Amino acid sequence: MRFLVLSDIHANLTALDAALAAAQGHWEKAVCLGDAVGYGPDPNEVVDRIREISAVTIRGNHDKAGCGIDNADDFNPVARSAAIWTQQQLRPDNTEYLKQLPTGPLQVDGITIVHGAVADEDEYVFAPAQALEGLLESPSPITFFGHTHIQGGFSMRANRVEALHFKPPAGKDFATLTTEKDAQYLLNPGSVGQPRDGDPRAGFAIADLDHNEIEFWRIAYDVTAVQQRMAIAGLPEPLILRLAFGR
Ligand code: ZN
């Protein structure tokens, strides 16, 4: 089974469509680790697209805020204002779709997906110490997480946790991790719609479980077109600017 692993699309249809075009023909099942909406200008179009490709999807904190399950009180003012805008834009059927999304961890054909940490969907996993609990407790050897918008992750062998970083080599769109049988992995495919590791290109992963290979992709998309739609929608300036920097 080859999975397309998407996370943190954040209502950025241009980035999502660039990722889907690049990944076409390389996967059988799509999973989405949450935050389909929030920040970006295309909440309905992105939800429509993940429904179209039948992605197995769990909820993220911005999905909860966008559909009104959560009041976004703990969001910063910029994120809260985008969440309120998102609530106003979403069609009723897409609001309902977001409301019924399951909470991670969810097991899907041999992998586990979570939005934040394995034990808490809203918790950020940035460092090896934060990854340890999830690596020990996840029900499967390979777990995908999002929320941090940082492509990479962690491996554990004999209770030793190592941070993993991926950068496609020159002339290639992806870097490949070959997984080992005696190891556990907590892996972040990166953010499709709002990367925060200094590389503005859309991030996602393709996991080929039969061949023990996981590809970490980066694909350029038309950032300016998204920024223009955000300006027209009146979304906050800092959210518009950060897309160009991948921060
Ligand atoms: Zn996010």
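Because the model is predicted, local features need pLDDT of at least 70 and side-chain atom pairs count only at pLDDT 80 or more, whereas totals for chains, interfaces and linings use all residues. Residues are numbered from 1 along each chain as its sequence is written, and side-chain values use heavy atoms, with hydrogens and water left out.

Strands (E, at least two residues) and helices (H or I, at least four) are DSSP runs numbered from the N terminus, and two strands are taken to pair if DSSP finds at least two bridges between them.

Within this order, strand E11 (residues 202–208) has all seven of its seven residues buried, so it is largely enclosed by the rest of the structure; buried here means under 20% relative accessible area, with exposed over 50% and partly exposed in between, for a 1.4 Å probe and protein chains only. Ala 202, Phe 204, Ile 206 and Asp 208 point one way from E11, while Gly 203, Ala 205 and Ala 207 point the other way, and all are buried. Strand E1 (residues 2–6) runs antiparallel to E11 and is joined to it by four bridges, with Arg 2 standing opposite Asp 208. Strand E12 (residues 213–219) also pairs with E11 in the antiparallel sense, over seven bridges; across this pairing Gly 203 stands opposite Arg 218, and Ile 206 has Glu 215 as its bridge partner. E11 and E12 form a hairpin with four residues between them, and Asn 212 in the turn has a positive phi of about 55 degrees.

The aromatic side chains come next. A pair of aromatic rings is described by the distance of the centres and the angle of the planes. Rings of Phe, Tyr and Trp (its six-membered ring) pair if their centres lie within 6.5 Å, and planes under 30 degrees apart count as stacked, over 60 as edge-to-face and the rest as tilted. The structure holds five aromatic pairs. In one of them, the rings of Phe 145 and Phe 154 have their centres 6.4 Å apart and their planes at 25 degrees, so the pair is stacked; Phe 145 and Phe 154 are both buried. Phe 166 and Phe 216 likewise form a stacked pair, at 3.9 Å centre to centre and with 5 degrees between the planes. Phe 166 lies in the loop between strand E8 (160–164) and E9, and Phe 216 lies in strand E12, so this pair ties together parts that are 50 residues apart in sequence. Phe 166 and Phe 216 are buried as well. Ring pairs also link Phe 174, Phe 204 and Trp 217 into a cluster.

The spaces in the model were searched on a 1 Å grid over the protein atoms alone: a cavity is a set of points where a 1.4 Å probe fits but cannot get out, a pocket is an open set with protein on both sides within 12 Å along at least five of seven lines, and lining residues have an atom within 4 Å of a point. The largest pocket holds about 240 Å³ of space. Its lining has 15 residues, of which Asn 61, Asp 74, Phe 75, Tyr 124 and His 147 lie nearest its centre, and helix H3 (residues 61–67) gives the most to this lining, with three residues. One cavity of 30 Å³ or more is found in the whole structure. The largest cavity holds about 40 Å³, and the residues lining it include His 10, Tyr 39, Gln 194 and Met 230.

Ser 191, in the loop between strand E10 (184–188) and E11, is buried with a relative accessible area of 1%. Its side chain reaches the backbone oxygen of Asp 8 at 2.8 Å and the backbone nitrogen of Gly 193 at 3.4 Å. Asp 42, found in the loop between strand E2 (29–32) and helix H2 (43–52), is buried with a relative accessible area of 5%.

Conventions: Points joined across faces, edges and corners; volume = space filled by probe spheres on them. Polar contact = N/O pair within 3.5 Å; in protein donor to acceptor, adjacent residues only side chain to side chain.
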